[in-house]
Amino acid sequence: MSEPIAHDYLESFSPGRGREAPRAAFTSDAPVLDLSGQWRFHLAAGLPQAAEGFQAAGFDDSGWETIAVPANWQLDGLPGEPRFGAPAYTNQIYPFPLDPPHVPDANPTGEYRREFTLPGQWPGGRTLLRFEGVDSCFAVWLNGSLLGDGKGSRLPTEFDVTDALRPGRNILAVRVHQWSAGSYLEDQDMWWLSGIFRPVALVSRPAGTLADFFVHADYDHLTGQGTLSVHTEAPARLTVPELGITDADPAGPHRLRRLDPWSAEQPRLYDGELVTDGERIPLRIGFRRIEVRDGLILANGRPLLFRGVNRHEWNPDTGRTLSHEDMLTDVLLMKRHNINAVRTSHYPPDSAFLDLCDEYGLWVVDECDLETHGFGLVGWEGNPSDDRRWREACLDRMRRMVERDKNHACVIMWSLGNEAGHGSNLEAMAQWAKGRDPDRLLHYEGDDNCSYTDVYSLMYVEYGELGLIGRRQDVVTRDPAQDARRRAMPFILCEYAHAMGNGPGGLSEYQDLFESHPRLHGGFVWEWIDHGIRRRTPDGREHFAYGGDFGEPVHDDNFVCDGLVFPDRTPSPGLTEYKKAVEPVRITVDTTARTVRVRSHLHTLDTAHLRFCWRVEDDGQLQGDAEFAVPPVAAGTAAELPWPEALTTLCDAARKEGEERWVTVTAELARDEPWAPAGHEIAWAQAALAGPEAAAPPTGRPLAPVRTGDKYALGPAVFDAVSGTLLSLAGLRTDGPRLDLWRAPTDNDLRTWGGPVAEAWRKAGLDRLEHRVLGVRPHDTGLEVVTRTAPAGADFAMRTEYRWETDAEDPGQLRLTLTAKPVGSWPCPLGRIGIRMALPQSIETVDWFGLGPGEAYSDTTSAVRVGRFSADVDELQTPYVLPQENGNRREVRRAHLTDRAGGGLIITASPYVDLTVRRWTSADLDNARHTTDLRPHPRVYVNLDAAHQGIGSGACGPRVQPQYELIARPVTLTIGFRPC
Ligand code: IPT
């Protein structure tokens with residue numbers, strides 16, 4: 001019979017018992033037995049329901065279920081129905097009462113059992129059982145003997161199993177608790193998910209080997225020399241063939257001449273080996289120096305500019321259990337989108353991710369698994385960060401992160417955690433880290449005085465304030481005695497540009513500030529990926545679920561979906577926009593001086609790895625292109641080059657009247673890189689060589705409308721004689737056009753800090769406009785329709801004049817000149833100003849000349865360029881996890897909306913319109929909670945807009961900047977319609 005289990009560890013401040021000292025993660029030739037796979041599993045509702053004696057070797061688990069290890073148990077069964085509990089999402093609020101260190105009795109408890117056979121050749125010496133991550137607290141037994149317990153979900157825990165291990169068959173039993181005292185330290189904005197979610201392995205530590213080592217690989221940019229010393233706590237020999245180090249004392253110090261340093265741009269790693277009597281340990285060494293000097297963050301002597309993202313670990317099917325492929329996909333996508341830095345928000349990632357960052361090159365801010373944000377909701381009363389009883393738990397977390405990750409070249413900053421308020425425990429963590437690893441910088445955004453950090457860091461700062469910080473004119477610190485210190489510090493935005501839904505808007509304005517003030521070292525977009533969970537509707541259609549979808553009584557809705565990539569890692573338009581906003585090489589095409597200017601914001605690389613090309617297009621049709629020889633531009637410098645002769649010649653060549661001529665200059669990879677093939681585009685710029693020009697006023701002989709019964713015919717169009725409504729166009733049945741001032745609110749419209757603009761729209765009634773016809777007047781020169789559009793109860797309105805015309809010389813074309821003027825004063829900015837109409841559902845394809853290929857709004861226009869593009873109606877939609885306004889194509893000059901047989905409508909604009917085409921209405925988008933709620937109507941809805949409200953990032957950060965606000969104003973739209 002086994003002893004009853006004591007569960008005092010669950011609600012204890014202690015981080016764990018029976019554990020090994022934390023140490024570096026490394027591989028070696030010593031045997032490892034991977035214990036991933038199917039384990040026996042039983043989920044108890046709470047401790048009283050747990051299976052008695054489950055830890056005994058002879059316990060009968062044949063009636064239990066099985067579950068994958070590693071996995072989050074709540075996701076088992078999805079995208080169908082979850083089999084074990086259900087995921088729950090909260091941002092700041094704890095999903096249990098604040099009663100530290102206690103947790104509710106209803107505490108789901110996962111019991112795991114696994115039988116394994118110790119391989120016959122298993123060496124003597126010690127054997128450890130290593131858990132890479134268990135959420136949130138667990139106890140472990142091997143063959144019935146208790147090994148210990150642990151907390152700290154995203155950190156490794158090891159137990160010495162040497163004495164408990166048997167030759168042959170062994171039984172491992174693990175009891176995992178969803179809630180524990182540790183949960184109070186893990187209040188990150190993410191799904192609450194439990195279980196053994198990272199790998200588990202049995203690790204042999206043969207006699208005579210090392211427990212731990214610390215690689216110090218410094219680089220001196222002034223001399224180009226490096227110093228290597230590997231600190232080991234037992235004798236070992238070091239070999240690094242490329243550096244001429246053979247079987248040497250690891251401690252050295254080895255002084256090395258002519259070394260290539262490691263950087264995110266050039267992630268040079270030197271392969272080596274540490275050898276002891278018991279094993280061989282491969283090393284990948286990157287030499288670099290990171291420091292703050294003269295108020296700047298320098299890497300290898302050069303200032304750093306972070307083009308960063310905050311990365312949570314996420315997969316829509318497996319939650320926080322990531323495959324190697326997921327991690328590699330993240331790294332490659334980041335590199336291909338000009339991202340050079342990652343903050344591991346808000347916990348240390350699977351260490352395999354850091355191996356990839358070393359290899360492919362990303363600067364990493366490694367963040368500790370600590371957040372107590374929910375205490376902020378009670379005025380930080382009882383915050384663990386400032387309670388001595390939690391000191392050891394906090395320090396333990398910091399030690400386990402630093403010790404695990406200290407040998408990664410990519411890690412340049414340690415972060416104490418996120419949103420954990422103030423307190424002496426944070427200070428103690430900082431002090432310990434500085435003592436243990438003085439060669440890296442320390443970050444904690446919550447230390448507003450910066451009394452124990454190396455870098456001044458804030459989140460979601462407004463543009464104006466950021467400019468002041470850039471000029472070191474920031475407001476005085478809370479403790480004035482700290483002011484001089486902080487003012488001398490470099491600055492980063494550890495979170496900015498909240499990427500929730502459509503957006504973020506205003507990225508370029510941030511980048512302009514970063515690039516104009518040396519103190520500003522860039523920032524980290526919040527965040528990399530939407531944490532949506534894949535689910536299936538009863539009829540088998542898939543969508544991504546968010547907070548509340550699993551019946552959680554307390555939740556934060558879709559605030560968990562705020563990434564640059566969708567849950568399945570498809571890039572969203574926000575990522576494309578970010579790639580362009582942060583391009584490390586800025587190209588400017590000057591059409592007057594006929595030069596191209598190249599300014600490099602690269603860290604150390606010159607531009608020799610890039611190939612520059614130019615291309616001239618007339619109305620989107622290629623006229624000529626060639627490579628453009630740009631001598632290497634050194635990092636941080638600029639060069640101006642005259643246009644190549646061929647470009648000048650083409651620029652001056654004759655062109656068809658009315659066509660626009662554009663030159664595009666691109667910079668692409670000249671050679672294959674490990675993360676992208678040759679030809680991958682890094683940066684580009686465009687300039688107009690001719691046009692766009694305002695269309696010449698029509699010279700044809702205008703036709704008068706012809707009345708037949710209750711209809712007017714005018715060219716290809718038929719109008720209702722009473723309402724003036726366009727009924728059909730060249731045989732296509734139409735509804736509208738009608739004035740439209742509203743859009744389906746975006747996340748940023750819905751949650752705008754300081755008052756949601758979407759609420760103002762609803763209050764004003766933009767979504768329920770009433771239309772009144774003031775007059776339908778036939779003229780010799782066309783048909784004039786005047787309307788007044790206003791919401792119920794309002795004394796403000798828009799007066800709209802539609803002038804419909806056609807010419808005798810070209811009776812197939814219908815022209816609309818629309819003028820809309822505000823009457824009275826509108827209480828809020830408008831969503832859009834334009835017209836909406838419906839066309840037959842047979843319309844399938846849109847070909848356009850304008851900005852593309854992606855969607856764009858006034859403050860998300862960096863990534864789109866002038867050209868000819870084509871897309872299916874379905875491809876024009878961006879499937880934001882919460883349906884909302886999307887898919888706008890800007891500055892469209894000409895669009896063909898066609899059916900399968902090539903019939904349809906040609907729309908021209910002078911000079912241009914914003915265009916959306918979709919199979920549902922704005923109201924449908926607004927009502928839908930998930931993408932599967934959107935069902936195509938038997939119509940195609942087209943919006944043609946003169947202007948749109950900007951996007952901003954007001955869901956968490958600055959609202960739309962004034963220059964992008966759509967204040968009600970008179971607009972004119974000139975649009976031509978013609979059948980095709
Ligand atoms: C900030 C959090 O640090 C981050 O985890 C996330 O919740 C983000 O907000 C919003 O998505 S904190 C907030 C007070 C700005």
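Reader: Which residue just after helix 5 takes a positive phi?

Author: The model is a predicted one. Helix 5 spans residues 463-470. Just after helix 5, a positive phi of about 60 degrees is taken by Arg472.

Reader: Which residues of helix 5 are buried, and why are they on the same side of helix 5?

Author: The buried residues are Tyr463, Leu466, Gly467, Ile469 and Gly470. Because they cover an arc of only 160 degrees around the axis, they lie on the same side of helix 5.

Reader: What covers the buried residues of helix 5?

Author: Strands take part in the cover, including strand 31 (456-459), strand 32 (491-496) and strand 33 (520-525). The cover also includes a helix, namely helix 7.

Reader: How are helix 5 and helix 7 oriented to each other, roughly parallel or roughly antiparallel?

Author: Two packed helices are described by the angle between their axes and the distance between the axes. For helix 5 and helix 7 (residues 507-516), the axes are 10 Å apart and the angle is about 10 degrees. Angles under 35 degrees count as roughly parallel. Helix 5 and helix 7 are therefore roughly parallel.

Reader: Which residues meet in the contact of helix 5 with helix 7, and what are they by class?

Author: Helix 5 brings Tyr463, Leu466 and Gly467, and these meet Glu509, Tyr510, Leu513 and Phe514 in helix 7. By class, the contact has five nonpolar, one polar and one charged residues.

Reader: In helix 9, which residues are buried and which are exposed?

Author: Within helix 9 (residues 645-652), the buried residues are Leu647, Leu650 and Cys651. They cover an arc of only 100 degrees around the axis, so they sit on the same side of helix 9. On the other side of helix 9, the exposed residues are Glu645, Thr649 and Asp652.

Reader: Which strands are included in what covers the buried residues of helix 9?

Author: The buried residues in question are Leu647, Leu650 and Cys651. Their cover includes strand 38 (610-618), strand 39 (621-628), strand 41 (661-669) and strand 42 (681-690).

Reader: What distance separates the centres of domain 1 and domain 5?

Author: The domain division puts residues 8-205 in domain 1 and residues 713-979 in domain 5. Taken over C-alpha atoms, the separation of their centres is 55 Å.

Reader: How far apart in space are Glu891 and Glu132?

Author: Glu891 is in strand 56 (residues 889-898). In sequence, Glu891 and Glu132 are 759 residues apart. In space, C-alpha to C-alpha, the distance between Glu891 and Glu132 is 51 Å.

Note on methods
Residues are numbered from 1 along each chain as its sequence is written. This is a predicted model: local features need pLDDT of at least 70, side-chain atom pairs count only at pLDDT 80 or more; totals for chains, interfaces and linings use all residues. Side-chain values use heavy atoms; hydrogens and water are left out. Buried means under 20% relative accessible area, exposed over 50%, partly exposed in between (1.4 Å probe, protein chains only). Helices (H or I, at least four residues) and strands (E, at least two) are DSSP runs, numbered from the N terminus. The arc is that of the directions from the helix axis to the C-beta atoms. Contact means heavy atoms within 4.5 Å. Axes are lines fitted to C-alpha atoms, for helices over the stretch in contact, and angles run from 0 to 180 degrees between N-to-C directions. Angles under 35 degrees count as roughly parallel, over 145 as roughly antiparallel, 65 to 115 as roughly perpendicular and the rest as oblique. Ala, Val, Leu, Ile, Met, Phe, Trp, Tyr, Cys and Pro count as nonpolar, Asp, Glu, Lys and Arg as charged, and the others, Gly among them, as polar. Domain bounds come from an automatic or database domain assignment.
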